[in-house]
Amino acid sequence: MHGGDARPDKGVAIRGLFAEVDDENHWRRALIRTATDSGKMEALVVVANLAKPDQALYEIAHLPGNDNIPGAVITLSPYVPLTKFDVSKDAKEDVFQRIAPQVVNDLTALLSANPAAISE
């Protein structure tokens, strides 16, 4: 697809998010270079059926002082197929170029095993 193209009515959308787990075992949107930075994050990848209504990958957790900002505590959706990849926060482009074929292979295997996963 190209910028400005309308979203198709069928097929799959592959989306992602960079997140990290904090000291209290909460998922948070990843922040780069903080005082408590572990140097690690997760590249979370989700596949959604375009024929179905949009399903959010995550929601901002309803906690006091938890605003919709980078580093906010999040709750991942249990309704979307999800995989994760451990990534260093200073990873170079080649790391992501190695992840992309893994995502495609995993999606191909999912659809081969369950073709109804993207049926209307």
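Arg29 touches Leu17, Phe18, Ala19, Glu20, Tyr58, Ile60, Asn68, Ile69, Pro70, Gly71, Ala72 and Ile74, leaving aside residues up to four places away in sequence; contact here means heavy atoms within 4.5 Å. The model is a predicted one, in which local features need pLDDT of at least 70 and side-chain atom pairs count only at pLDDT 80 or more, while totals for chains, interfaces and linings use all residues. Residues are numbered from 1 along each chain as its sequence is written, and side-chain values use heavy atoms, with hydrogens and water left out.

Arg29 belongs to strand β2 (residues 27-29). Helices (H or I, at least four residues) and strands (E, at least two) are DSSP runs, numbered from the N terminus.

Arg29 does have a polar contact of 3.2 Å, side chain to side chain, with Tyr58. Such a contact is a pair of N or O atoms within 3.5 Å; within protein, one must be able to donate a hydrogen and the other to accept it, and residues adjacent in sequence count only if both atoms are side-chain atoms.

The structure holds one aromatic pair. Phe18 and Phe96 form this pair, edge-to-face, with 5.8 Å from centre to centre and 80° between the planes. Rings of Phe, Tyr and Trp (its six-membered ring) pair if their centres lie within 6.5 Å; planes under 30 degrees apart count as stacked, over 60 as edge-to-face and the rest as tilted. Phe18 is in strand β1 (residues 12-21) and Phe96 in helix α1 (residues 93-113), so the pair ties together parts 78 residues apart in sequence. Phe18 is partly exposed at 39% relative accessible area, and Phe96 is partly exposed at 29%.

Strand β3 (residues 40-49) includes Asn49, which is buried at 13%. The Asn49 side chain reaches the backbone nitrogen of Ala51 at 2.9 Å. Ala48 also lies in strand β3 and is buried at 16%.

Note on methods
Buried < 20%, exposed > 50% of the residue type's maximum accessible area, 1.4 Å probe, protein only.
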